[in-house]
Amino acid sequence: MTTFVWNLLLAVLWATALDDLSPRGLLVGMVVGYLVLAAAWRLGADRGGRGGAYFRKVGQTVGFAGWFIRELVVANIRMARYTISPLRTMRPGIVAVPIEHDLTDLEITTLANLVSLTPGTLTLDVSSDRRVLFVHAMDASNPDEVRREVKQGFERRVRGLLR
């Protein structure tokens, strides 16, 4: 069995033992199961298995979620500033962001959706050759900065998370 399946099994066992099969009880069970599996892995119970990859991926996912929440907060503050500033200070526009040619369809879709979820930006299209992402930005006065934010922030982290 994979480490993830073991984690799910331990979560269900935990929630059943406490008679709390709610989403909250299952989430607590996932955390407890993760800690038990991590302790077992560190003690050498599964050194030859694939547990280490699971623990790295969970760490990456938690780190990615924290980074994205931070990005959402920063983007919302930026949008609030745009809302109270005079219209003549904003320079909205469409920016062509080159993306790596080896991104999979899942990675491109995830990248496009994360950009669209961030206030102030919206993914409009992906070129037919899948090498350019067209992004509408509320402040495109510096297109290179928009490109850098998408490439160094979103694209790099999506690639690290999904590979």
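These questions and answers set values from a predicted model against the definitions behind them.

The model is predicted, so local features need pLDDT of at least 70, side-chain atom pairs count only at pLDDT 80 or more, and totals for chains, interfaces and linings use all residues. Residues are numbered from 1 along each chain as its sequence is written, and side-chain values use heavy atoms, with hydrogens and water left out.

Q: How many helices and strands does the protein chain have, and what makes a run count as one?
A: The chain has five helices and three strands. Helices are DSSP runs of H or I with at least four residues, and strands are runs of E with at least two, numbered from the N terminus. Along the sequence the pattern is α-α-α-β-α-β-β-α.

Q: Why is the protein chain called more spread out than a compact globule?
A: Its radius of gyration is 21 Å, well over the 15 Å that the globule rule gives for 163 residues, so the chain is more spread out than a compact globule. The radius is taken over C-alpha atoms, and the rule is 2.2 Å times the number of residues to the power 0.38. Along the principal axes, the C-alpha atoms fill a box of roughly 60 × 35 × 25 Å.

Q: What makes Asp105 and Arg130 a salt bridge?
A: The definition asks for a side-chain nitrogen of Lys or Arg within 4 Å of a carboxyl oxygen of Asp or Glu. The closest N and O atoms of Asp105 and Arg130 are 3.2 Å apart, so the pair forms a salt bridge. Asp105 is in helix 4 (residues 105-117), and Arg130 is in the loop between strand 2 (121-126) and strand 3 (132-137).

Q: Why is Glu107 called buried?
A: Buried means under 20% relative accessible area, exposed over 50%, and partly exposed in between (1.4 Å probe, protein chains only). Glu107 has 2%, so Glu107 is buried. Its salt-bridge partner is Arg163, at 2.8 Å from N to O. Arg163 has 44% and therefore counts as partly exposed.

Q: Why does the pair of Glu107 and Arg163 tie together parts of the chain?
A: Glu107 lies in helix 4 and Arg163 in the segment after helix 5 (143-162), so the pair joins parts that are 56 residues apart in sequence. Both residues belong to a network of salt bridges, with Lys151 and Glu155 among its members.

Q: Where do Arg148 and Glu145 lie?
A: Both lie in helix 5, three residues apart, about one turn of the helix. Arg148, at 43%, is partly exposed. Glu145, at 29%, is also partly exposed.
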